[in-house]
Amino acid sequence: MKRYVALLRGININGKNKVPMAELKALFESLSFENVRTVLNSGNVLFSCGETDTQTLTAQIAQAVKERFGFEVPVFVIEQGALEDILRHAPAWWGTEDKAVYDNLIFILPPATTAEVYEALGEPKAGLEQAQAYQNAVFWSFSRKDYKKTNWWSKTASLPIGQKLTIRTAGTLRKLV
């Protein structure tokens, strides 16, 4: 059995797409997943199963969420070892203890690509934000006090490319691995 992380985009954000974590856990267990555990209240689920195709798992989870909760959310599934590999390749500037900097990891939902993300968002604004891609993710850090001046902040939420991403903080990712 493999261990996976499912990231559900856009649940329990500003009162929208409310999903109690106990109900989300029960949903995953109803899919015959084992060792199910939710992390925080924002759609992060750890689980084990025998299926090895993440696209199959993604489709299965997305359909179950739609049927159970009545709305669609993008789902990103990654094998826990693959997530650990991504984090091992974090740039030195990402995930530090610097409280003035906000560190995120952007996961790109297939079939979107890193090239599409950079084309849509443009270059990070020098001195305010940094970005570095690795596989299907982009490490992204920015100044907390100047986040509204960054190039990527508003675009990740307002442009169509934002629907093809799910973002987690360094702290959340540490809890997931």
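## Sheet architecture

V39 has N44 of β3 as its bridge partner. In this predicted model, β2 and β3 run antiparallel and are joined by four bridges. Both strands belong to an open sheet of four strands, arranged in the order β2-β3-β1-β4 with antiparallel pairing. The edges of the sheet are formed by β2 (34–39) and β4, each of which pairs on one side only. From one strand to the next, the twist averages 20°. In general terms, the strands of a sheet pair through backbone hydrogen bonds, in either a parallel or an antiparallel manner.

## Helices packed on the sheet

Helix α2 lies across β1, β3 and β4, and runs at about 140° to β4. Helix α3 (residues 80–88) also packs on the sheet, where α3 touches β1, β3 and β4. The direction of α3 makes about 85° with that of β4.

## Nonpolar cores

The largest nonpolar core comprises 24 residues. Within this core, the residues with the most contacts are L8, L24, F28, F33, F47 and I61. Two or more residues are contributed by each of β1 (2–8), α1, β3 (44–49), α2 (54–69) and β4 (75–79). The largest share, five residues, comes from α2.

F28 illustrates the contacts made by a residue of the largest core. When residues up to four places away in sequence are not counted, F28 touches A6, L8, F33, V36, V45, F47 and I61. Among these, L8, F33, F47 and I61 are themselves listed with F28 as having the most contacts inside the core.

## Salt bridges

The structure holds seven salt bridges. One of them joins the side chains of E29 and K25, at 3.9 Å from N to O. Both residues lie in helix α1 (residues 21–30), four residues apart, which is about one turn of the helix. E29 is partly exposed, with a relative accessible area of 41%, and K25 is likewise partly exposed, at 32%.

Another salt bridge links the side chains of E72 and K66, with an N to O distance of 3.2 Å. E72 is exposed because its relative accessible area is 60%, above the 50% cut-off. K66, at 38% relative accessibility, counts as partly exposed.

The side chains of K149 and D146 also meet in a salt bridge, at 3.6 Å from N to O. D146 counts as buried because its relative accessibility is 13%, under the 20% limit. Salt bridges with shared partners join K145, D146 and K149 into one network.

## The surroundings of T172

T172 lies in helix α6, which spans residues 170–176. T172 is buried, with a relative accessible area of 9%. The side chain of T172 makes a polar contact with the side chain of T169, at 3.0 Å. Apart from its neighbours within four places in sequence, T172 is in contact with L40 and N44.

Definitions and conventions
Residues are numbered from 1 along each chain as its sequence is written. This is a predicted model: local features need pLDDT of at least 70, side-chain atom pairs count only at pLDDT 80 or more; totals for chains, interfaces and linings use all residues. Side-chain values use heavy atoms; hydrogens and water are left out. Buried means under 20% relative accessible area, exposed over 50%, partly exposed in between (1.4 Å probe, protein chains only). A polar contact is a pair of N or O atoms within 3.5 Å; within protein, one must be able to donate a hydrogen and the other to accept it, and residues adjacent in sequence count only if both atoms are side-chain atoms. Contact means heavy atoms within 4.5 Å. A salt bridge is a side-chain nitrogen of Lys or Arg within 4 Å of a carboxyl oxygen of Asp or Glu. A nonpolar core is a set of buried Ala, Val, Leu, Ile, Met, Phe, Trp, Tyr and Cys residues joined through side-chain atoms within 4.5 Å. Two strands pair if DSSP finds at least two bridges between them. Axes are lines fitted to C-alpha atoms, for helices over the stretch in contact, and angles run from 0 to 180 degrees between N-to-C directions.
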